[in-house]
Amino acid sequence: MTYVVTSPCVGTKDKSCVDVCPVDCIHDGGEQMLIDPVECIDCGACEPVCPVDAIFAEQEVPAGERGAIEAARAFFDDGGTP
Amino acid sequence: MTGAARVLVVGAGPAGLYAATALAAAEVEVDVAERLPTPFGLVRYGVAPDHPKIKSVAGVLSRPFSSPGVRFLGNVEVGVDLTPADLARHYDAVVYATGAPVGRMAGIEGEDLPGSAPAGDFVSWYSGHPDAPDLSPLLASRRVAVIGAGNVALDVVRLLVKDPASLAGTDLPDHVLAALRASAVTDVHLVARRGPAQVRFTPAELRELGELPGVDVLVAAEDVAGALAEAADGSRADRANVDILCEWARRAPGGRDRRVWLRFRRRPVRLLGPDRVSGLVVRGEREELLPVQGVLHAVGYGAVPLPGLPFDRDSGTVPHVAGRVVDPERGVLPGVYVAGWLKRGATGVIGTNKADAGETAASLLADLPGLRRAPDRDPGSVTALLSRRGVPVVTWEGWRRIEREEERLGARQGRAVAKLADLPAMLALATRPGGPRG
Ligand SMILES: Cc1cc2nc3c(=O)[nH]c(=O)nc-3n(C[C@H](O)[C@H](O)[C@H](O)COP(=O)(O)OP(=O)(O)OC[C@H]3O[C@@H](n4cnc5c(N)ncnc54)[C@H](O)[C@@H]3O)c2cc1C
Ligand code: SF4
Ligand code: SF4
């Protein structure tokens, strides 16, 4: 499992989540923040602090946003540069 | 100020270690004093053994100790082995991050009876905390009540009903695994004063309870009545919790061997004796008697006052402004800081302490140029002082020896780690003369 940042982050991107991530696995992905699914320890700290409710546990990502799961994986497989 | 500043961090839990990380990054020399021979605080002695991924945060928390300017002073209790006067002599500033170790009780009649204990004691016992009371007698009960509505309540409920075979691969100490295998517990009642829309569960942790093999989770339809409407104005977590609970209320029991009864909007009233717990009276619409032989109180944690530090008894925290300790009479105490649960109270997850300790470290770094310099700045003086007092200091390498022994014991049983819980044995390993091995 992992946590996933979805599209409401675009345009907000205030990095509240970055401040509370205990393993520093939330990175700048350009338009929005992205969670490194390998480093994420599923602690859930980021989810409630997001002002726009953009962060979900992988299984709870809404249907229309499920592409974000693969997008994050691909980004970090690629070495993690926007 | 010339030469690196010298700071003591008190407590090697997440808050202390995030503070140490931030200070080390600013080239400050940091000693981390920890009363136990082991680092990581509640990550080692609180986070549930079946959540190893969360415990893996220990890797990140270890990072400051690879800087040459950061030392671990394990087995050193500040206030006992080092006095406030010692700290003023050897350090330019001190960050207190000693957490909130005392499990609170519900405050009801009969709660002092044998068989009734803070959930924190049960957590400490199964986590192998060297100071934990022996809670294994609780497992002779067939029915246990857990009072509370947060994640700690969920952790203890889960550990009480989970198939011990599925815990065999965790880091639980051998004696704890053996006690869980022999457990008589079949029914656990979670008693929450709050309604389903007001509980403080993390939805993922709540859901986990419903997925345990061999366990029925039972929710009465009347307990969730109206909760959907109440949660509509709540947070996303509130709605998710209510959704899960409503689904369980519709589920038919599966006739499994162990049962969890989730009871909401019920106030615990009193424990029945006479010599030990024989029941818990709760009050919802009417009074009910739960025929339990054990009661765990998961209603929060409190901090303890430390010598030389102000303490606010009402909130159970040290008064501060942005991490700077404030004495109600004397104002800001220069060079004295606080972080983590001692600063905020016992709320929030591990990551909350990163932002919190970051705030404290930033205040300290901003104040440094104006702080009085400690007269004795030789790092060797502190260790020499402790040695004169007969305190065997556990270094980071000493802790690593404990860790390697736990890995060796685990490997023999086909698991990564089997925790040690015996303090003298751990100290002997960690301070054994003859240098590092293996
Ligand atoms: C049962 C339980 C389960 C939890 N599970 C999770 C979870 O799954 N995920 C999550 O994100 N968070 C979890 N938490 C919360 C998390 O553990 C805390 O937010 C965090 O540990 C608080 O950090 P702290 O450094 O303030 O305190 P602590 O972790 O308590 O660390 C304080 C340290 O100070 C030491 N100390 C105390 N007094 C002295 C002294 N006088 N001298 C020297 N050292 C001293 C203690 O031995 C301890 O090592 C859980 C908490 C509990 C109680
Ligand atoms: S907190 Fe939410 S909006 Fe802010 S950066 Fe993180 S994901 Fe984006
Ligand atoms: S769940 Fe925890 S580890 Fe994962 S991204 Fe969020 S804060 Fe970081």
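This passage describes the interface between chain A and chain B in a predicted model, and then a pair of strands within chain B. Local features were considered at pLDDT of at least 70 and side-chain atom pairs only at pLDDT 80 or more, whereas totals for chains, interfaces and linings use all residues. Residues are numbered from 1 along each chain as its sequence is written, chains are lettered from A in the order in which they are written, and side-chain values use heavy atoms, with hydrogens and water left out.

At the interface, 20 residues of chain A are in contact with 15 residues of chain B, contact being heavy atoms within 4.5 Å. The two chains bury about 1,400 Å² between them, 51% of it on carbon and sulfur atoms, where buried area is the accessible area (1.4 Å probe) that two parts lose on being put together, summed over both. In chain A, the residues that lose the most area to chain B are A:P22, A:I41 and A:E60, which together account for 34% of what that side buries.

Four salt bridges were counted between chain A and chain B, each defined as a side-chain nitrogen of Lys or Arg within 4 Å of a carboxyl oxygen of Asp or Glu. In one salt bridge, the side chain of B:K53 meets that of A:D42 at 3.1 Å, N to O.

Strand β2 (residues 29–34) of chain B pairs with β3(B) in the parallel sense over five bridges, pairing requiring at least two bridges found by DSSP, and B:D31 stands opposite B:R71 in β3(B).

Key: Helix = DSSP H or I, 4+ residues; strand = E, 2+ residues; numbered from the N terminus.
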